[in-house]
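Keep the sequence and the 3D view open as you read.

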Amino acid sequence: MVLEETDTPFKDVEYGSFFSFRPQKRRVTYHLDEQVGNYHYGDKHPMKPHRITIANHLVMGYGLHNKMDVYSPRKATFNEMASFHREDYLDFLQRVTPDDAETYADTFQNFNIGADCPIFDGVYEFSQRSAGASLDASRKLTQGQTDIAINWSGGLHHAKRAEASGFCYVNDIVLAILNMLRYFPRVLYIDIDIHHGDGVQQAFYESDRVLTVSFHKYNGDFFPATGNFDENGIKGGKYFAMNIPLDDGIGDDQYTSLYKSIIEPTINTFQPSAIVLQCGADSLGYDRLGVFNLSIRAHGECVKFTKSFNIPMLVVGGGGYTLRNVARAWCYETSICVDESVPSQLPKDTSYYEFFSPDYTLHPKLITKIENKNSPKMLEDLRIRALEQLRYLGSAPSVQMQQIPPDLTGHLDEEDECLNDEFLDKVLDVRVNG
Ligand SMILES: [Zn+2]
């Protein structure tokens with residue numbers, strides 16, 4: 001079942017004020033643009049939007065779409081994307097075609113167009129679809145119409161204000177968080193992609209209303225070469241960026257215990273009103289570009305743990321370059337969101353069944369592993385440093401952790417209102433109650 005944007009699947013919502021009863025099971029919405037998987041970056045390019053189509057087929061093969069409300073979002077508008085991106089950059093993406101390389105040679109360089117971020121047919125529309133789904137998801141969350149909103153075509157965390165980067169052109173995450181900040185005082189952003197979530201960090205680097213936490217491989221060289229521990233925010237956002245730099249080959253137990261031991265105190269200290277979880281699947285073992293040894297179960301454990309705090313959550317995709325594992329992981333994580341346990345044996349009637357040969361399971365065994373260079377001491381040091389950072393964050397004088405700023409609750413306008421610069425400044429600079 002695909003509901004149109006205007007449909008209201010939660011007919012009982014209007015009675016919310018009469019009955020404070022809330023069902024125990026979390027309401028989950030799935031924001032699915034059926035066209036988004038049809039774009040091609042190029043034959044040799046590792047980013048394959050088709051992985052989203054495969055993931056959707058698995059989700060439906062297991063019948064998980066019956067456990068949530070599925071929406072067909074509209075594309076993000078130019079103005080919505082301009083709430084973060086510079087207009088000349090969007091204008092360029094909108095006009096350029098793959099044949100324009102010579103005409104736009106200088107501009108290509110300015111906007112970091114090249115081998116990693118090529119101009120392919122429909123690059124603007126692809127970005128509109130990915131961003132449109134994250135914005136749609138954020139609207140359902142801010143309107144209290146869902147508890148968990150999923151967009152696997154989102155998570156394009158490297159895109160900058162006027163620059164493509166790391167296969168990302170439009171930063172759907174930043175757009176969604178900006179929308180969420182109109183209603184929620186604090187948003188926690190967590191990134192488990194193998195790459196540093198640099199675009200999101202940079203967008204909110206001076207803000208104490210968004211705490212970004214990124215777990216990633218770091219050695220000063222691995223893309224995007226940022227994300228060392230000492231990058232922790234500036235000005236009013238000092239301490240509101242946290243980075244957990246890891247080395248090659250980290251495995252399930254080390255990763256999940258580090259994740260839990262950092263995320264739990266982070267949530268308790270920051271008290272976010274909403275969480276955005278970027279589930280980049282290139283942190284899985286056997287990823288074409290990755291160097292970690294995580295199983296799909298361990299990756300999903302991070303989703304399960306984050307969900308256990310019962311805080312409104314936007315779940316997005318991200319990297320992931322071994323297609324069948326990306327589809328497996330995001331399907332498994334959808335099952336976690338809807339509280340359904342699914343058998344490891346994949347449903348035989350899915351369109352892409354043969355793709356999962358020879359094991360045809362949701363949880364294939366990781367046999368060959370990359371050497372683990374993360375010592376217990378190194379991880380313990382990271383944990384201690386993270387907790388120390390939280391101490392500073394907790395004592396930041398301008399942040400009242402319990403209250404919603406009244407000046408922001410007034411911005412419950414129609415969904416399409418675009419954020420002008422003045423409003424953005426206010427959203428990002430206003431200290432909560434300060
Ligand atoms: Zn990545």
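## How two helices cross

A crossing is called left-handed if the near helix is turned anticlockwise from the far one by less than a right angle, and right-handed if clockwise. By that rule, H1 and H10 make a right-handed crossing. Helices (H or I, at least four residues) and strands (E, at least two) are DSSP runs, numbered from the N terminus. This is a predicted model: local features need pLDDT of at least 70, side-chain atom pairs count only at pLDDT 80 or more, and totals for chains, interfaces and linings use all residues. Residues are numbered from 1 along each chain as its sequence is written.

H1 covers residues 50-61 and H10 covers residues 323-337; their axes come within 8 Å and cross at roughly 45 degrees. That makes H1 oblique to H10. Axes here are lines fitted to C-alpha atoms, for helices over the stretch in contact, with angles running from 0 to 180 degrees between N-to-C directions. Under 35 degrees counts as roughly parallel, over 145 as roughly antiparallel, 65 to 115 as roughly perpendicular, and the rest as oblique.

On the H1 side, Arg-51, Ile-54, Ala-55, Leu-58 and Val-59 meet Leu-323, Val-326, Ala-327, Trp-330, Cys-331 and Thr-334 of H10. Contact means C-beta atoms, placed from the backbone, within 7 Å. Sorted by class, that contact has nine nonpolar residues, one polar and one charged. (Ala, Val, Leu, Ile, Met, Phe, Trp, Tyr, Cys and Pro count as nonpolar, Asp, Glu, Lys and Arg as charged, and the others, Gly among them, as polar.)

## The annotated site

An unreviewed UniProt entry puts a "binding site" feature at Asp-193, His-195 and Asp-282. They are spread over 90 residues of sequence, yet they cluster in space, with a largest C-alpha distance of 8.1 Å. UniProt positions follow the numbering used here, feature names are shortened, and annotations may be inferred rather than shown by experiment.

Are they buried or exposed? Asp-193 is buried, with 25 other C-beta atoms within 10 Å, and His-195 is buried too, with 27. (The cut-offs are 20 or more for buried, 12 or fewer for exposed, and partly exposed in between.) Beyond four places in sequence, the contacts of Asp-193 include His-157, His-216 and Asp-282, while those of His-195 include His-216, Phe-223 and Asp-282.

How values were computed: Contact = placed C-beta atoms within 7 Å.
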